[in-house]
Amino acid sequence: MPLACGSPLALGVVERLLKVERRFIFDSYANRVGKGTHRAIDRLQQFARHHRYCLRMDIVRHFPSIDHAILRKTLARMIRQDDVLGLTDTIIASGAGVLEDEYDTVWFPGNDLLAACRPRGLPIGNLTSQFWSNCYLDPFDHFVKRSLRCPAYLRYVDDFALFSDGKQVLRDWREAVIGFLARLRLTVHENISQTLPTRCGIPWLGFVSYPDHRRLKARNARRATRRLSARFTAWRAGEISFAELDASFQGWINHVRYADTWGLRREVLRRAAGF
């Protein structure tokens, strides 16, 4: 049955979600009003100016790995109304198995053979999935801030970074982070989970951020050249309008202008147009 916009249940859902939103830490930047990618990049660079080292990590196949039982238990602590919980149960259950092919079974301490049958996974494109992701990782965010007492920490979906002036501190935090995420049945990419001097640049959300400047990742520049070249060819062949071509170019320019990319923009546009 559709949920009417003005129904008591719909109003209850909105009211509850607003209260849940206020639980999130300030430095959680994904899918929140007034946050977003570029503000996350700005914040990372701000932390880089004041700390010598960064521990950058990300979660392996985050959305396929989200465990329904753990998510339901997390939401039950945030939402007290049975009717709202019932609605969330329906939405969560609809994601069971949708990303099954993208999940490789991980065995955590204490698992039995039935652990492989646990319902998991949320559709990546659903707005509810984006919100549930923040709810799922909210206990982790508070663990880093309160238990580890990391003053400089931020997260964007499944990418997160911790800052400190001591390498050993970050090594200790890394082990604690891995242990806590295991309780959420999540793992991290080992090859990305490393401590970096902030002066050497931190790969983050498509850019490499330094304390005093930032650059676009080289592979992103190559990908943009190929994509924009294809759009330019399609325009010359009459397959798309000039407005569509212009939208592609302007969208890319608007994104990369948040880095030191004046020369790069000129070169990518020149190559894309075949000059």
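At 51% relative accessibility, F242 counts as exposed, where exposed means over 50% relative accessible area, buried under 20% and partly exposed in between (1.4 Å probe, protein chains only). The model is predicted, so local features need pLDDT of at least 70 and side-chain atom pairs count only at pLDDT 80 or more, while totals for chains, interfaces and linings use all residues. Residues are numbered from 1 along each chain as its sequence is written, and side-chain values use heavy atoms, with hydrogens and water left out.

**Aromatic rings**

F242 pairs with W235: the ring centres are 5.9 Å apart and the planes stand at 65°, so the pair is edge-to-face. Rings of Phe, Tyr and Trp (its six-membered ring) pair if their centres lie within 6.5 Å; planes under 30 degrees apart count as stacked, over 60 as edge-to-face and the rest as tilted. W235 is partly exposed, at 32% relative accessible area.

The whole structure has 10 aromatic pairs. In one of them, F140 and F180 have ring centres 6.1 Å apart and planes at 40°, so this pair is tilted. F140 belongs to helix α6 and F180 to helix α7 (residues 167–183), so the pair ties together parts 40 residues apart in sequence. Helices (H or I, at least four residues) and strands (E, at least two) are DSSP runs numbered from the N terminus. Both F140 and F180 are buried. Ring pairs also join F140, F143, Y153, F160 and F180 into a cluster.

The charged end of K35 sits over the ring of F26, 3.5 Å from its centre, and K35 also lies over the face of Y29, at 5.0 Å from the ring centre. The criterion is NZ of Lys or CZ of Arg within 6 Å of the ring centre and within 35 degrees of the ring normal.

**Core and cysteines**

The largest nonpolar core has 73 residues, and F140, F160, L162, F163, L181, L184 and W204 touch the most other members. Helix α6 (residues 127–147) supplies the largest share, 8 residues. Such a core is a set of buried Ala, Val, Leu, Ile, Met, Phe, Trp, Tyr and Cys residues joined through side-chain atoms within 4.5 Å.

Leaving aside neighbours within four places in sequence, the contacts of L162 (heavy atoms within 4.5 Å) include C54 and C150. C54 is buried at 0% relative accessible area and C150 at 1%. A search of the whole structure finds 0 disulfides.

**Salt bridges**

The structure holds 12 salt bridges, each a side-chain nitrogen of Lys or Arg within 4 Å of a carboxyl oxygen of Asp or Glu. Three of them are listed here.

| Pair | N to O distance |
|---|---|
| D27 and R43 | 2.8 Å |
| D159 and R56 | 3.2 Å |
| D141 and R155 | 2.9 Å |

D159 in strand β3 (residues 159–164) and R56 in strand β1 (residues 53–58) are 103 residues apart, and both are buried. D27 lies in the loop between α1 (8–21) and α2 (37–50) and R43 in helix α2, so the pair ties together parts 16 residues apart in sequence. D27 is buried at 5% relative accessibility, and R43 is buried at 19%. D141 is buried at 1% relative accessible area, as is R155 at 1%. D67, R118 and R185 are linked in a network of salt bridges.

Technical notes
A disulfide is a pair of cysteine sulfur atoms within 2.5 Å.
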